[in-house]
There are 2 protein chains.
Amino acid sequence: MNSSIEIPGGVTAPQSFTAGSVYAGIKAANTSKPDIAFVYSEIPAVAAGTFTTNKVKAAPVRVSQTNIRASETRAIVANSGNANACTGVVGIEHAKRMTKAAAKALGLKEKQLLVCSTGRIGVALPIEKMEAAIAQAPQVLAHDGSLRAAQAIMTSDTKPKEIAVEITLHGKKVRIGGIAKGAGMIDPNMATMLCFITTDAAISKKLLQQATSDAVEQSFNRITIDGDMSTNDTVLVLANGAAGNLPLQDGQREFDRFQNALNHVCCALARMIVEDGEGVSKYVTIQIRGAKTRQDARKAAEAIANSTLTKCCWFGGDPNWGRVMDAIGYSMARIREENVDIYYDGLIAVKNGMAAPTPFSKLKEVVANPRFTITVDLHMGAADYTVFTTDLTTAYVEFNMGE
Amino acid sequence: MNSSIEIPGGVTAPQSFTAGSVYAGIKAANTSKPDIAFVYSEIPAVAAGTFTTNKVKAAPVRVSQTNIRASETRAIVANSGNANACTGVVGIEHAKRMTKAAAKALGLKEKQLLVCSTGRIGVALPIEKMEAAIAQAPQVLAHDGSLRAAQAIMTSDTKPKEIAVEITLHGKKVRIGGIAKGAGMIDPNMATMLCFITTDAAISKKLLQQATSDAVEQSFNRITIDGDMSTNDTVLVLANGAAGNLPLQDGQREFDRFQNALNHVCCALARMIVEDGEGVSKYVTIQIRGAKTRQDARKAAEAIANSTLTKCCWFGGDPNWGRVMDAIGYSMARIREENVDIYYDGLIAVKNGMAAPTPFSKLKEVVANPRFTITVDLHMGAADYTVFTTDLTTAYVEFNMGE
């Protein structure tokens with residue numbers, strides 16, 4: 001699918017990017033884990049981003065949505081432990097103070113900063129402590145700082161998530177790196193998926209936004225753990241051109257290869273997020289084929305992926321195709337019951353809407369695996385759609401039941 | 001709200017109705033619990049019904065949707081242990097053979113029968129055993145048979161569900177009785193909410209359908225345990241006029257009182273279903289007020305009621321209004337974050353989209369109760385909507401994880 005090679009280094013793999021973290025003590029709990037991350041381009045860069053479509057948006061989302069319109073972006077400042085969501089005008093003021101503190105520390109303009117928060121909803125940030133911590137940014141930014149930044153944005157994640165890839169464009173080595181934190185939730189009032197990507201490719205702001213939107217659609221928009229979309233979800237991409245390639249143009253083969261590499265980074269991070277979701281024991285791919293339209297395929301896929309009943313039976317290792325049929329039926333996708341075929345890792349479970357002769361024990365073997373694929377052919381047309389999801393476990397409920 | 005008095009007797013409380021059950025051995029498990037229920041009107045009756053809108057419909061749903069068009073309906077035959085869903089043309093044939101066997105036993109025409117099934121999806125009915133059992137119908141029908149019929153349709157329900165009410169219309173005592181089985185799910189491939197209601201009111205078929213649709217909209221359509229809509233959900237109402245009231249007319253006060261009594265029966269059964277859902281530990285009412293339209297109110301209410309995250313935290317006794325805000329935000333209802341107020345049993349938790357001063361400990365006391373109400377005022381208009389739901393518990397997951 002693409003010729004990108006995975007390399008170490010995360011967001012600091014691309015040239016002229018640094019990253020790092022500081023400890024501000026945002027969480028009440030007595031911990032010394034760094035809780036503010038920085039990603040910084042040493043030279044001018046352009047930014048692209050996608051933000052939660054939830055109508056309840058955290059303050060940093062609103063501030064970043066404004067700042068990202070600037071022609072030049074230089075850095076991201078992000079904290080864990082507090083989402084700065086449902087915090088009103090004070091929240092907006094605090095998000096701006098984060099950008100101001102970082103701009104001052106790094107000698108930048110406020111609007112050259114993007115800001116993110118993840119953690120508890122509805123509580124004001126301890127902004128003075130944070131400003132003092134942010135002032136230390138120049139001392140912590142380093143060319144090997146990606147992992148430290150990835151760790152500082154972790155909340156319920158059990159491991160940091162980072163990846164980098166290298167491709168050659170116009171004879172120049174171009175790198176794309178990313179860090180992310182999970183959409184799984186554990187603490188009361190926690191939410192949020194964050195992903196920061198850097199690249200040293202030379203690309204216009206406009207084309208970078210197009211590439212970012214496409215990559216997000218193929219990756220982060222295809223994952224669902226519990227169907228709950230957070231107030232803070234954000235993907236940010238910075239491109240600084242340090243690789244020295246000829247600026248990418250839409251329609252070029254080089255641009256396609258850049259897009260594939262960016263998709264690779266986003267898909268890998270999305271998969272890491274799903275696999276590290278709380279209480280997750282199975283990683284399940286839902287493929288819909290033969291739908292009348294892509295929208296129909298998507299409705300069917302999302303209904304299956306978000307059904308608590310299908311997710312519970314995967315946890316139990318029960319194929320239970322009846323629940324898959326049921327979810328397809330109420331999904332609002334246009335279907336004909338008698339057209340539906342369902343496969344578990346290629347083994348046919350349902351033919352023409354009825355039980356196929358594959359022995360139940362064989363289907364159980366598939367669902368016993370930690371990773372499997374359910375393919376549904378609706379035989380209504382030629383559209384398809386794929387989503388990536390998980391089971392629903394007692395551990396998930398225990399993680400999310402609060403205090 | 002209405003002047004109906006609750007009385008014993010369930011579906012056999014109204015005059016000239018009998019009910020009963022037989023054992024056919026439908027389930028593989030070694031049990032002698034009766035698994036086929038009958039509800040029978042000794043005199044001509046009219047029928048109304050509402051059926052699942054799932055595009056995957058069980059065979060008995062399709063057969064009943066045809067038969068209910070007949071001007072006269074006399075009886076319902078229903079089995080538990082097998083849903084006769086995803087069973088193709090054989091399933092349709094089997095559902096018809098159920099009506100044929102019952103018609104023969106009771107001296108009726110096939111089209112005067114309605115048929116329902118609940119239980120495992122995708123397995124053929126053991127139709128010969130069932131036909132032999134159905135032949136015993138005349139021997140088991142009795143004027144005190146409601147409870148036995150209610151027991152025969154139980155699957156994962158822990159208790160039978162029945163109710164009857166009495167009102168006086170035009171000086172005549174009119175009764176409405178009902179039995180139901182739950183929407184909760186336990187066995188692999190199980191689904192289905194069934195509700196059978198009888199009344200001795202004199203009412204036209206057309207007006208009975210209108211009254212039934214309205215009552216279902218106020219009751220069964222407002223409950224959600226897991227957001228999964230079954231392939232078999234069915235509500236059937238038979239009215240035989242034995243009370244001798246003047247036939248009800250739309251717009252009359254008597255009709256309004258009948259409607260209220262029917263709503264009372266449906267709401268009581270709906271509540272019994274929710275409270276008996278598997279693994280349920282809390283019964284939660286979600287009230288949306290001040291929405292721009294009723295549709296907006298409904299979207300917001302259903303998003304909160306179906307959020308796995310809100311449901312998990314209710315189980316844990318955690319108010320977690322941040323998750324309620326989050327669900328409202330992604331619900332597609334038109335909202336303004338800064339307009340939203342949220343109350344827990346009348347205590348304000350969120351004012352203008354931000355934390356209100358009510359101590360967290362007070363909100364926790366509310367959510368510690370087995371029943372509580374979350375009220376959301378969107379301050380966008382005058383429309384409202386209410387749904388009834390439950391928490392999501394580790395016991396639910398364990399019940400539904402299959403073998």
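In chain B, strand S2 (residues 17-22) is largely enclosed by the rest of the structure, because six of its six residues are buried, a residue being called buried if 20 or more other C-beta atoms, placed from the backbone, lie within 10 Å of its own. From S2(B), B:Phe17, B:Ala19 and B:Ser21 point one way, whereas B:Thr18, B:Gly20 and B:Val22 point the other way. The model is predicted, with local features needing pLDDT of at least 70 and side-chain atom pairs counting only at pLDDT 80 or more, while totals for chains, interfaces and linings use all residues. Residues are numbered from 1 along each chain as its sequence is written, and chains are lettered from A and ligands numbered from 1 in the order in which they are written.

S2(B) runs antiparallel to strand S3 (residues 36-51) of chain B and is joined to S3(B) by six bridges, strands being DSSP runs (E) of at least two residues and helices runs (H or I) of at least four, numbered from the N terminus. B:Phe17 stands opposite B:Ser41 in S3(B).

Elsewhere in chain B, strand S12 (residues 341-344) pairs with strand S15 (residues 371-377) in the antiparallel sense over four bridges, where pairing requires that DSSP finds at least two bridges between two strands. Within this pair, B:Ile342 stands opposite B:Val376 in S15(B).

In chain A, helix H2 (residues 88-106) and helix H3 (residues 127-134) pack at an angle of about 20 degrees, with their axes 9 Å apart, the axes being lines fitted to C-alpha atoms over the stretch in contact and the angles running from 0 to 180 degrees between N-to-C directions.

How values were computed: A residue is buried if 20 or more other C-beta atoms lie within 10 Å of its own, exposed if 12 or fewer, and partly exposed in between; C-beta atoms are placed from the backbone.
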